Every structure is written in structure tokens, then in C-alpha cells.
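Trainee: I have just opened this structure and would like to learn how to read it. Could you walk me through a few features?

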Amino acid sequence: MTDYDAIVIGAGNAGLTAAATLQRAGARTLLLERHNVPGGCGTSFRRGRFEFEVALHQLSGVGADGQPMSLREGLFQQLGIADKLEFVQEHDLYRAVIPGQLDLTLPADWDAAIDAIEAEFPGNRDRTAKFFELLKQVTFWQIAAMRGMPVEQIDPVLFEYGLRPLKAVLDEFFDDDRIKVALGMYWTYLGQPPSKLRFQDLALTLFAYFEFKPWHLRGGSQAMSTAILDAFLQAGGAVRFNTAVEAILTDADQVFGVRLDDGTEVTAPDVVSNASLPTTYGMLEGIDLPAAVRDDLATRRIGVSGFVLHMGLDATPTELGFTTSTTFVNMDTDDDRTHNAWRSFQPARGICVSSYDVAPIGFAPSGTTHVSLMTLQYGEIWRNVAPSEYARTKFAYAQTLLDLCETITPDIRDAIEEVDVATPLTMMRYLGHPGGTIYGYDQDATENWLFRNSERETHIPGLHLAGSWAGIGGFQPTLEAGARVARRLLRAKAA
């Protein structure tokens, strides 16, 4: 008899939902985590009198009470945690700013967003309405295709527009570059500029936020991670923190367990890995890596990481001039140049400003606010920074994010009480991801679900992959991926 029915490596979003889904279905499950808390990116930490949200900027897919196909009525109900979480709704998607050129707040409502664009850019109401309708249609048929609808039944609109670059579709609908920037701002959530990002990826993202609204959680993402862990433990699951996996053990090309960093071997016929694909396949012991896996990994590129300033400010959001929970500030309309800058230390050209107290999540004392400034950056550029130069380099680069933020909050430097700076090396250390990447592999066209199937096929019986490295990055996609992989495993065992 094996020690467990399943072992889950990593307590990030997908690892947590996979473990909880398996255990609640009766599969004896062990969850292993190298850190001392659950959550991966879904955690928080304290500095002085502030608690800081690590990574969650907006949670998509939550939906209102009773809204079908939402996280609230679907996954969270299935895990028994829907009533354990207090959701905080953001009523605007974001404020899009290019100093001197654009300052547009996009409401989290289809019709109100059309009104906002028309008010700022008269004469574009019909174009925006048609663009939104296309976005809805492409999303509908994309979901249908992902769920297995035969290709002959799919509306041609998906094939005509889905894989086109976002920029090409925006150019078809709009003449003003400022509107294109305003509607395409979520490209940074996907890590690819509009010239490379597939339209269907932006369509799915915008649809999720418009239809199900952007949300946050009282207590931050750590509250969600803890709730999922509690559901797992209450169902009888076992968890070990501060425990790294040294090897995934195989025999006759079949997984049979893992060896921990202290040398202990734990057996199970199924192992679900929430670790990166390079790490997961690198841990395999007793088997030659299948050629299909080697060929697949050789064609993929490590994705982008992040550079973040976590700040506790001794002033209220109103005093600082924050009007929305999420603000994107770009230097100009040149998204390709912004994307290229992620491979250098040239001043940040675009930032995402998250003010967690416009709709308070409970982390900042009264009269203060908790803010993060984030830009994306590839981890590779930090490899050549000497340890003696690390602090100077990161604080010098941090100043460039503050410079850009000052275009919307001129007094922000004077209000700083606490600040913590995270670089791609920080992400690498805490997440254990190559390059400190936060989205897994670069989410370009070759990573599309049409062309990759890492989640469904590992070529090694008993090994299962869950998370951004095997699919789409982001909170909602990885939460759903873990549960999906677990349900697929359970169905295979029951067959």
C-alpha cells in the first residue's frame, strides 16, 4: 500500500486547489511546500504597521452572488470556502494615463465604458460598441472550442480574429492611438505587447473583468490561500511546510512517489506538480526524459518577471489623488518600446499602480494607504549585477517607477513611511521559478492552448502538471487549473 493516493508539489494557487479538490473527493493527499506559508504569489507580508499584498492586483471571475460560471458560485462553492471569503468589488477596471495625452477611467460595465470613451473621444461610440461585441463573440466561441465543441460548429469569427495580433484588430476599429492604448492596457497582465498578443487572449481577459467585475479580498490573497488550505486540512489532508522535493521517483516509467530534501521517500501513484516545468522534469529520477518532452521544452522561452515597490504611505488615497484601485501609467503610446525596455535598466516606461485602500482590503491603518508600483522586467538582466551593486541597482531603478507615479501623485515621495523593493531575483528566491518569472513561459502565440497541451499530457504515467507553466498565467486561470487537473485525475482513476 502506498503512503498516499496523491502528492501535490507546491502550495501555490494551482497546488492548493488541486490538493483540496483531491482530498475532498476522498483521495488521501499530501501537500508539500518549500516555503513556510501557503499561497506562492498569493501571500502577504508585514513591514512596520503595514501589511503588503504580494501579487494580486485584481481578481477576475469572482462574479456577483448567484452569477453562473463564476468563481464564487463554481470553484469557491465546490471547495466550501465561498462563505469564508469577504470580497471587495472594484467598480472601475482601471484608470489609463499617458501624461499630457490621456487620462481615462474605464468603468467595469460595458455600457458605461462605451459612454466614457465617447465622452473623452467623441465620435467613437459605434466603433467601441462594435469592438466590444466582437470581443464577446470571440470569447464565447473560444470557450466553446476549449470545451471541445467540434470545429465545424464554431463560428468563423473565432478563426478570423482570434489569432490576429491585438494591435491589428485595434487598428481596424480605431484611428486614435490613445483609444487603442486605453482599451489594450491589460496586455501587461499577459506579458506580451499588442503587436504580439493574440486578440483572443485580450478578449478573454477583458470579458472576465467586464462580465464578472474586478475584485479583491479582505485580508488579501493570503486570506484566500489560507481558506483553501483550511478546506484541504478539514477534509483530512496532510501538509508539510519548509519541505522541498529533491526527486520525483519512477519505476518502469511510472511515477511512484517523491524523495524529500531530508532523504525521506513518500509513495503515491500520482504526483501533481505546481512547480515550473524545467524544475519538475529536472527532478525526475529513474527515467530518461521522453523525446516529446525534450523537444517541447526546447521550443519554449522563460517568461517575464516583475519589479515591485510595496509602499506604506502616511496619507489617504484621497489626499494622494488616487481615484481608482488600479491605474496604468505609460510614458507614451509605443507599447513595443515599453516591452523592449523590460530587458534593460532604462527607466520604467509603464507601471501598474495598485491602491489597495480606494476599496480597502484591511491592510493599512486608518489615515494611511497601501500601494504597490509594478513594472515587468526579464530576470536575465539581473544575472550580471554584482552582489555589491545589487542594492544600489534596485533602488536606482525603483526611483524611475516613482518618477512615473509622480505624474499622477506629485506628493507620493513625501508620504512614504515604509517601502520594500522586490526584483526578479526576489521572485526567483521565493517562488523557485527560473528567471523569477510570474507567468511561466512567455505567453506568445506558440503558447496558445491550440498549440500546447502540457496540462493534459506529460508523457509520464502518474505525473500531472498544474499552474501557469502548463497553461495560462494569472490568479483565476491557475486557481481553475489546479481543480481541473485534479478532477481529470479523479475521473481517470474512476474509469
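**Salt bridges, a cavity and the surface**

Mentor: Happy to, and keep in mind that this is a predicted model. Let's begin with a pair of side chains: D332 and R349 meet in a salt bridge, at 2.5 Å from N to O. D332 sits in the loop between β16 (326–330) and α13 (335–341), and R349 in the loop between α13 and β17 (350–355), so the pair ties together parts that are 17 residues apart in sequence.

Trainee: Is R349 buried or exposed?

Mentor: The rule is that buried means under 20% relative accessible area. R349 has 4% relative accessibility, so R349 counts as buried.

Trainee: How many salt bridges are there by this rule?

Mentor: The count comes to 29 salt bridges. One of them joins the side chains of D420 and R47, with 3.1 Å from N to O. This pair links distant parts of the chain, with D420 in strand β19 (residues 416–422) and R47 in strand β3 (residues 44–47), 373 residues apart. D420 is buried because its relative accessibility is 19%, while R47, at 35%, is partly exposed.

Trainee: Which residues are linked in a network of salt bridges?

Mentor: Look for K167, D171, D177 and K180, which salt bridges join into a network.

Trainee: How do I read the empty space inside a model?

Mentor: Rolling a probe the size of a water molecule over the atoms shows where empty space is left. Here, a search of the whole structure finds one cavity of 30 Å³ or more. The largest cavity holds about 50 Å³ of space.

Trainee: Which residues line the largest cavity?

Mentor: Its lining is made of H57, V88, E90, H216, S325, S355, Y356, A359 and I361. By type, the lining of the largest cavity divides into four nonpolar residues, four polar and one charged.

Trainee: And the outside? Which residues form a nonpolar patch on the surface?

Mentor: Find L163, L450 and F451, which form a nonpolar patch with about 280 Å² of accessible area together. F451 belongs to the loop between α16 (424–431) and β20 (463–465). Exposed means over 50% relative accessible area, and F451 counts as exposed because its relative accessibility is 53%.

Trainee: Where does D175 lie?

Mentor: D175 is in the loop between α6 (166–173) and α7 (177–184). With a relative accessible area of 61%, D175 is exposed as well. From C-alpha to C-alpha, D175 and F52 are 40 Å apart in space, and they are 123 residues apart in sequence.

How values were computed: Residues numbered from 1 in each chain as written. Predicted model: local features only at pLDDT ≥ 70, side-chain atom pairs only at ≥ 80, totals over all residues. Heavy atoms only, no water. 1 Å grid on protein atoms, 1.4 Å probe; cavity = no way out; pocket = protein on both sides within 12 Å on 5 of 7 lines; lining within 4 Å. Points joined across faces, edges and corners; volume = space filled by probe spheres on them. Nonpolar A, V, L, I, M, F, W, Y, C, P; charged D, E, K, R; others polar. Patch = residues over 30% accessible without salt bridge, like charges linked within 9 Å, V, L, I, M, F, W, Y side chains within 5 Å. Areas by Shrake-Rupley, 256 points an atom, 1.4 Å probe, with all protein chains shown as cover. Salt bridge = Lys/Arg side-chain N within 4 Å of Asp/Glu carboxyl O. Helix = DSSP H or I, 4+ residues; strand = E, 2+ residues; numbered from the N terminus. Buried < 20%, exposed > 50% of the residue type's maximum accessible area, 1.4 Å probe, protein only.
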